[in-house]
Amino acid sequence: MTFDDKLGIQIALEEAKKGYSEGGIPIGSCLIHKDGRVLGRGHNMRIQKSSPTLHAEISALENAGRLPATIYAECTLYTTLSPCNMCTGSALLFKIPRIVLGENETFLGGESYLEQNGVEVVNVHDDGCKELLQKFIKERPSDWNEDIGVPDEK
């Protein structure tokens with residue numbers, strides 16, 4: 001893990017903690033250009049904004065604003081958790097060449113699909129990312145299941 005990767009995961013984890021403090025799902029993300037500029041950062045806001053799609057990666061991309069394709073192609077997307085299929089698709093759509101994730105034990109998303117499409121995927125196995133999300137899942141399993149598209153058992 002490079003210094004930039006540590007910084008990216010640190011920013012993503014700060015965003016996850018912010019989301020948790022707002023009563024939301026603690027997943028964070030940021031988009032960093034190869035020159036070190038943080039272009040966008042965000043956290044999962046599905047609960048806060050009553051949104052079906054505002055995952056952390058989507059929030060970071062939204063907060064980066066409209067960018068030319070050449071910029072996305074020079075960025076790394078950092079996320080505290082393995083990206084779901086929706087977020088995987090967004091990264092592929094914008095041709096982001098590299099994704100660094102905090103952990104994938106709690107949830108395994110589209111990593112193999114990303115790799116099959118030429119994206120470098122780096123898992124840093126960050127305990128802080130894992131502990132925060134697992135704490136949330138214990139506290140609010142129904143909200144977690146909703147976020148990953150798993151129906152609650154009746």
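In the predicted model, Thr76 is found in strand 3. The relative accessible area of Thr76 is 11%, below the 20% limit, so the residue is classed as buried. Apart from neighbours within four places in sequence, Thr76 is in contact with Cys30, Leu31, Ile32, Arg98 and Val100.

Strand 3 covers residues 75-79. Five of its five residues are buried, and the strand is therefore largely enclosed by the rest of the structure. In a regular strand, side chains alternate between the two faces of the sheet. In strand 3, Cys75, Leu77 and Thr79 point one way, while Thr76 and Tyr78 point the other way. Residues of both sets are buried.

Strand 3 is paired with strand 1 and with strand 4. Strand 1 (residues 28-33) runs antiparallel to strand 3, and five bridges join the two. Within this pairing, Cys75 of strand 3 stands opposite His33. Strand 4 (residues 98-101) pairs with strand 3 in the parallel sense, over four bridges. Here Thr79 has Leu101 of strand 4 as its bridge partner. Helix 4, formed by residues 85-93, belongs with strand 3 and strand 4 to a β-α-β unit, which is right-handed.

Side chains of opposite charge can pair when their charged atoms come close. Ten salt bridges are found in a search of the whole structure. One of them is formed by the side chains of Lys34 and Glu74, with an N to O distance of 3.7 Å. Lys34 lies in the loop between strand 1 and strand 2 (38-43), and Glu74 in the loop between helix 3 (69-72) and strand 3, so this pair ties together parts that are 40 residues apart in sequence. Lys34 is exposed, at a relative accessible area of 61%, whereas Glu74 is partly exposed, at 30%.

A salt bridge is also present between the side chains of Arg46 and Glu146, at 3.4 Å from N to O. Arg46 is located in the loop between strand 2 and helix 2 (56-64), and Glu146 in helix 7 (residues 141-147); the pair links distant parts of the chain, 100 residues apart. The relative accessible area of Arg46 is 10%, and this residue is buried. Glu146, in contrast, is partly exposed, with a value of 47%.

Arg98 and Glu120 form a salt bridge in which the closest N and O atoms are 3.3 Å apart. Because Glu120 lies in strand 5 (residues 120-123) and Arg98 in strand 4, the pair ties together parts that are 22 residues apart in sequence. Glu120 counts as partly exposed, with 42% relative accessibility. Arg98 has a relative accessible area of 17%, which is under 20%, and so is buried.

Definitions and conventions
Residues are numbered from 1 along each chain as its sequence is written. This is a predicted model: local features need pLDDT of at least 70, side-chain atom pairs count only at pLDDT 80 or more; totals for chains, interfaces and linings use all residues. Side-chain values use heavy atoms; hydrogens and water are left out. Buried means under 20% relative accessible area, exposed over 50%, partly exposed in between (1.4 Å probe, protein chains only). Two strands pair if DSSP finds at least two bridges between them. A crossover is right-handed if, with the strands pointing away from the viewer, the path from the first strand over the helix to the second runs clockwise. A salt bridge is a side-chain nitrogen of Lys or Arg within 4 Å of a carboxyl oxygen of Asp or Glu. Contact means heavy atoms within 4.5 Å.
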